[in-house]
Amino acid sequence: MLAAYSGTNGFAASASPALTEVVSKTPCAALAGCNLSGTNLSGANLSGADLTGANLNRADLTGADLAGANLAGANLNRVIWSNTTRPDGTTSNDDGNTCLGHL
């Protein structure tokens with residue numbers, strides 16, 4: 001990233017030194033204990049995520065991938081599970097759009 005100023009009367013042109021930022025992908029999310037109440041997680045890749053004790057009350061997990069995720073102790077009240085990949089790798093559509101019993 002660079003910043004540049006072309007200059008005007010009385011002000012000289014200048015440019016910043018280059019700034020390099022490296023962004024790496026985290027292999028799994030660590031969301032244990034997070035408050036995700038009402039959050040739209042539709043289509044999210046949460047495979048392998050640690051959601052232990054997270055508040056997912058009313059969260060939308062439509063199309064989300066939870067394969068291998070840990071949801072122990074999470075608040076799952078009124079979650080939307082449509083076409084969600086459950087932690088055991090099966091799909092919520094197999095049992096009427098629920099993940100309960102497959103966590």
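1. Starting with the fold: the protein has 0 helices and 2 strands. Both kinds of element are DSSP runs numbered from the N terminus, with helices (H or I) needing at least four residues and strands (E) at least two. The radius of gyration is 22 Å, well over the 13 Å that the globule rule gives for 103 residues, so the protein is more spread out than a compact globule. Here the radius is taken over C-alpha atoms, and the globule rule is 2.2 Å times the number of residues to the power 0.38.

2. Before you go further, note that this is a predicted model: local features need pLDDT of at least 70 and side-chain atom pairs count only at pLDDT 80 or more, while totals for chains, interfaces and linings use all residues. Residues are numbered from 1 along each chain as its sequence is written, and side-chain values use heavy atoms, with hydrogens and water left out.

3. On overall dimensions, the C-alpha trace spans about 70 × 25 × 25 Å along its principal axes. Among contacts with a separation of 6 or more, residues 24 or more positions apart account for 2%; a contact means heavy atoms within 4.5 Å.

4. Now the surface. Of the 103 residues, 24% count as buried, meaning under 20% relative accessible area, with exposed set at over 50% and partly exposed in between (1.4 Å probe, protein chains only).

5. As for charge, there are 4 positive and 7 negative side chains, and the centres of the two sets lie 8 Å apart. Lys and Arg count as positive and Asp and Glu as negative, leaving out His and the chain ends; each charge is placed at NZ of Lys, CZ of Arg, CG of Asp or CD of Glu.

6. Take a look at arginine 86, in the segment after strand E2 (14-15). Its relative accessibility is 1%, so arginine 86 counts as buried. Leaving aside residues up to four places away in sequence, arginine 86 touches Leu66, Ala67, Thr91, Ser92, Asp94, Asp95, Thr98, Cys99 and His102.

7. Most residues other than glycine have a negative phi. Arginine 58, however, has a positive phi near 65°, and arginine 78 has a positive phi of about 60°. Arginine 58 is partly exposed at 39% relative accessible area, whereas arginine 78 counts as exposed at 60%.
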